[in-house]
Amino acid sequence: MIVFPNAKINLGLKILHCREDGYHNIETLFLPIGLKDILEIVPAAGDEISLTVTGLSVGGALEENLVYRAARLMQKSYGTPGVRMHLHKRIPLGAGLGGGSSDASFALKLINRIFALGQDEEALKVHAASLGSDCPFFLVNRPMLGTGTGGVLTPVELPALDTLKVMVVKPAIHIATAEAYAGVSPDAAAVPLMSLVKTPPSQWRELFTNDFEPHLFATYPQLGVIKEKLYRQGAVYASMSGSGAALYGFFHHLPDHPEDLFPDCFVWQAERVL
């Protein structure tokens, strides 16, 4: 069986405070977008779990891959047989687009379906949360307010997005999550994002901010250059997604020849945001 794990972008991202367990409480709006990986999973003889990967390089040991870990988690929890898995990567890594988390969550859903385990969304969310803080979002996969470490989800309506198009630009920069958090100063007094969702996109530039940007733009000036170029090309709103290094812009009209505008970058665009 084949599924297509999608990426996400963040509209606003506030770091509220550091928790006693070392994680951070955040507030962000998760938005699914149409940039997708391809994941195939089929049952295998015995209990062996195998994974092959094509497309963009993922690196790292097999046992550290979130898809492999998701399959191993389901086997440990429910005694599922072995599986053969193939992942074709189109979502860049180190981008703040949630590609690895999406792959893992889709693997949980697909294994649940293949072996008719009958686990509902809430049960799968528990497993997803153990794999990554934004994994539970990809089980819901609609606009959501994320709080806590990102796994407490509340549905959000954003009708303004219906008329907008989206472009994603990822330079050849890889930002580890730990590096991104090392430079932020939590601010528990931030304006709640839910109070901003009814505002028109023309006001979002002044209202929605990503707390990772000041530190990371100083460290990687190219990120700020890309954001300003998105605005110069007509974006009504532009931001870094998550902890970077991908940036995105919402447009009424997408610019022509985006690869020429952003050479040496991964570029993806779509006529609809959602």
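This briefing describes the domains, sheets, nonpolar cores and cysteines of one protein structure.

The structure is a predicted model, in which local features need pLDDT of at least 70 and side-chain atom pairs count only at pLDDT 80 or more, while totals for chains, interfaces and linings use all residues. Residues are numbered from 1 along each chain as its sequence is written, and side-chain values use heavy atoms, with hydrogens and water left out.

**Domains**

- The domain assignment gives domain 1 (2-14 + 31-142) and domain 2 (156-270); such bounds come from an automatic or database domain assignment.
- The C-alpha centres of domain 1 and domain 2 lie 25 Å apart.
- The contact between them takes 19 residues from domain 1 and 31 residues from domain 2, where contact means heavy atoms within 4.5 Å.

**The sheet with β1, β4, β6 and β5**

- Helices (H or I, at least four residues) and strands (E, at least two) are DSSP runs, numbered from the N terminus.
- Four strands form an open sheet in the order β1-β4-β6-β5, with mixed pairing; two strands pair if DSSP finds at least two bridges between them.
- β1 (2-3) and β5 (49-55) stand at the edges with a single partner strand each, so one side of each is left without a neighbour in the sheet.
- Strands β4 (residues 38-43) and β6 (residues 83-89) pair in the antiparallel sense over six bridges, and Ile-38 has His-88 in β6 as its bridge partner.
- Helix α1 (residues 66-78) packs on this sheet, touching β4, β5 and β6, and its direction makes about 160° with that of β5.
- Helix α2 (residues 99-114) lies across β1, β4 and β6, at about 30° to β4.
- For these angles, axes are lines fitted to C-alpha atoms, for helices over the stretch in contact, and angles run from 0 to 180 degrees between N-to-C directions.

**The sheet with β10, β11, β9 and β12**

- A further open sheet of four strands has the order β10-β11-β9-β12, with antiparallel pairing.
- Its edge strands, β10 and β12, each pair on one side only.
- β9 and β11 are joined in the antiparallel sense over five bridges; Val-168 stands opposite Tyr-248 in β11, and Met-167 has Gly-249 in β11 as its bridge partner.
- Five bridges also join β9 to β12, which run antiparallel, and Val-169 has Val-267 in β12 as its bridge partner.
- In β9, six of six residues are buried, where buried means under 20% relative accessible area, exposed over 50%, and partly exposed in between (1.4 Å probe, protein chains only).
- Both faces of β9 are covered, with Lys-165, Met-167 and Val-169 on one side and Val-166, Val-168 and Lys-170 on the other.

**Nonpolar cores**

- A nonpolar core is a set of buried Ala, Val, Leu, Ile, Met, Phe, Trp, Tyr and Cys residues joined through side-chain atoms within 4.5 Å.
- The largest nonpolar core has 56 residues, and those with the most contacts inside it are Leu-11, Leu-97, Leu-223, Leu-230, Phe-250 and Phe-262.
- This core draws at least three residues from each of domain 1 and domain 2.
- Apart from it lies another core, of 27 residues, among them Leu-39, Met-74, Ile-111 and Leu-131.

**Cysteines**

- The structure holds zero disulfides, a disulfide being a pair of cysteine sulfur atoms within 2.5 Å.
- Cys-18 is partly exposed, with a relative accessible area of 47%, whereas Cys-265 is buried, with a relative accessible area of 17%.
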